Amino acid sequence: MTPVHRATVHNPAAPALALDAVTVTYGSVVALDRVSLTLKRGDHVAVVGPNGAGKSTLFHVIAGVIRPDSGTVRVYGSGPDGHICVGYVPQRARIDANFPVNVADVVMMGRAGRIGLLHRPGRADHAAVRAALAQVDMLDFTRRPIGALSGGQQQRVLLARALAQEAEILLLDEPLTGLDQPSQEALLATLNALRDQGITLLVATHDLNQAATRFPLVALVNRRLVGFGPPAQVLSAANLAGAFGSHVHVVHTTDGDLLVTDTCCDDPHPLPNAVVGRGAEAIALPGYEVEVDGERTKGRG
Ligand code: ADP
Ligand code: MG
């Protein structure tokens, strides 16, 4: 079977992903402002920033869904158009309960670019669908209508679709938002396993704590790229203030809620000048004061 997709050749010497001064505007709104970012194969990055920071827009330009007003996006050395190696799982939209497509069909859609328009799926395609569903632990749901699944299960099926596509760069837009704790853990474990396969992963989240503790790299975005690197380096008080401005940000953790504010932490009063939380994870952010079960300490860094 001859694939009819326009395979874009990878330059193995080029970075998996390279954005250079990417600017995107919607009318008068500047959604991304000269964002430059280079990732190598296998990098796992949490993309964090407040609502409206441009996280989804960033994924759209990388997926080639929209073009930047200026600047360039390169996937293994060439433009994003025609790269079936980029898998994009959009921010969750609840799929209609009566949507008449079953789980296996949804995942098979990920094979479309490889099968070609006029061909039927072959044995290898069915095998790829099963392997992808196994990877996200959804094999038992193959024949279920997609609309009958929970939000977390739908998310896993959409991830399987991207895996069946044999995506090498995965863009997951807020996949953890709205999932219960066990589902979040299951998804994080699946994402960890992808690292061993050399899959480059970008995960948008507004959960700072999760970004800080569960991802080796963080890209902090607020139209500009405020910082990129290991969480301890990027999530400094100054960077968080730059990204979150006057917003107060509530971070839910297993041990309670964490408040991040942009105000200075030299103020002697406990709130709102501190990161406040319960549990060990509350102390991760450098430069902030932290209150853990009534005991205050300065954040490291
Ligand atoms: P995030 O995903 O971080 O919440 P978005 O990328 O969705 O941010 O949005 C960034 C900015 O661009 C916001 O101000 C948003 O209102 C605006 N925006 C996003 N998509 C569109 C669109 N299709 N048309 C007009 N404005 C948009
Ligand atoms: Mg978004």
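Begin with ligand 1: the residues of the shell around it divide into four nonpolar, six polar and one charged. (Ala, Val, Leu, Ile, Met, Phe, Trp, Tyr, Cys and Pro count as nonpolar, Asp, Glu, Lys and Arg as charged, and the others, Gly among them, as polar.) Before going on, know that this is a predicted model, where local features need pLDDT of at least 70, side-chain atom pairs count only at pLDDT 80 or more, and totals for chains, interfaces and linings use all residues. Residues are numbered from 1 along each chain as its sequence is written, while chains are lettered from A and ligands numbered from 1 in the order in which they are written.

Now select Y26, V29, A31, G49, N51, G52, A53, G54, K55, S56 and T57, which surround ligand 1 (near means a C-beta atom, placed from the backbone, within 6 Å). Colour α1 (55-63) next: α1 gives the most to this shell, with three residues. (Helices are DSSP runs of H or I with at least four residues, strands runs of E with at least two, numbered from the N terminus.)

Move on to strand β7, residues 200-205. Six of its six residues are buried, so β7 is largely enclosed by the rest of the structure (buried: 20 or more other C-beta atoms, placed from the backbone, within 10 Å of a residue's own). Show the side chains: T200, L202 and A204 point one way, and L201, V203 and T205 the other.

Which strands pair with β7? (Pairing takes at least two DSSP bridges.) Zoom in on A46 opposite V203, then on L171, whose bridge partner is L202.

How values were computed:
A residue is buried if 20 or more other C-beta atoms lie within 10 Å of its own, exposed if 12 or fewer, and partly exposed in between; C-beta atoms are placed from the backbone.
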